[in-house]
Amino acid sequence: MEPHMLEPNTNRGGTGGRGAQDGAAALARYEKRQRERVLSREKRKKQYRLIGSLLFAIAVLWGLGALVWSGYGTLKTAASREMAIMRLKDAIEDRDVAALQAMLRVTEETVLINEKTLAPLFAYFDRHPEAYERLDREFARQRKGGHVYIKGLTSHPPVFTIHVFEDRYVFEPTLYFLHVRVDDPEASLVVNGVKTEERATKDPFVKKMGPYLPGAYAVTVVHSNGKKKTVRVELFGGARVHEVDVMK
């Protein structure tokens with residue numbers, strides 16, 4: 001997990017020159033993300049063409065007869081898997097909620113897949129276009145089968161686990177929990193602008209929340225005296241439980 005970024009409540013002034021420099025830096029970051037996004041989409045287009053050629057080759061092999069049936073099945077499975085992965089990435093980039101509802105499978109009944117719960121995932125990819133490459137590496141490791149992921153709060157599963165469900169490929173997102181350490185046990189917590197019902201732990205200064213889909217979240221602690229403090233949290237990989245300390 002990336003380091004948390006604290007957001008103080010005070011507003012800082014600056015000179016006109018400093019403001020211009022900040023604006024130029026923000027524009028440069030935006031242009032960089034746009035270039036990365038275009039390159040990522042172009043890469044997927046090439047992969048689509050490659051898979052199209054592969055499917056054509058499959059059709060040719062199929063026409064040769066039963067001697068190549070085994071190879072046909074292997075190629076078809078590989079092509080279907082890669083096509084499903086590219087559709088997942090396209091749906092995330094296009095913010096296609098309906099497509100993701102069909103592709104994502106969550107076993108936790110309390111977690112819904114809708115526009116609101118997917119917004120943090122979209123926000124994370126907007127900030128980190130390179131995350132598509134990370135997904136490619138994770139899916140490659142899953143294909144090799146060299147890693148065993150144990151479902152536990154201390155395990156480090158992939159962000160999305162691909163598997164077959166009812167004769168089609170689906171993706172199971174990792175569900176994360178937050179353990180937020182506060183200096184006021186009476187404080188309330190707001191996640192992405194929504195007041196959250198936290199669960200108590202053995203430590204009265206640690207509040208448990210979740211589960212959450214992968215994505216970028218803003219956790220705001222509202223103290224009993226009305227004072228607020230916000231921490232940015234990115235749930236994308238790592239252990240299922242993320243420790244958040246808002247006392248720093």
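**Reading accessibility and a pocket in a predicted model**

Student: Why is Glu115 called exposed?

Tutor: Glu115 has a relative accessible area of 63%, and exposed means over 50%, buried under 20% and partly exposed in between, with a 1.4 Å probe and protein chains only, so Glu115 counts as exposed. This is a predicted model, in which local features need pLDDT of at least 70 and side-chain atom pairs count only at pLDDT 80 or more, while totals for chains, interfaces and linings use all residues. Residues are numbered from 1 along each chain as its sequence is written, and side-chain values use heavy atoms, with hydrogens and water left out.

Student: Why is His223 called buried?

Tutor: The relative accessible area of His223 is 16%, which is under the 20% limit, so His223 is buried. His223 lies in the loop between β9 (215–222) and β10 (228–235), where helices (H or I, at least four residues) and strands (E, at least two) are DSSP runs numbered from the N terminus.

Student: What does His223 touch, leaving out residues up to four places away in sequence?

Tutor: With contact meaning heavy atoms within 4.5 Å, His223 touches Asp183, Asp184 and Ala187.

Student: Which element gives the most to the lining of the largest pocket?

Tutor: That element is β8, with 4 residues. A pocket is an open set of points on a 1 Å grid over the protein atoms alone, where a 1.4 Å probe fits, with protein on both sides within 12 Å along at least five of seven lines, and lining residues have an atom within 4 Å of a point.
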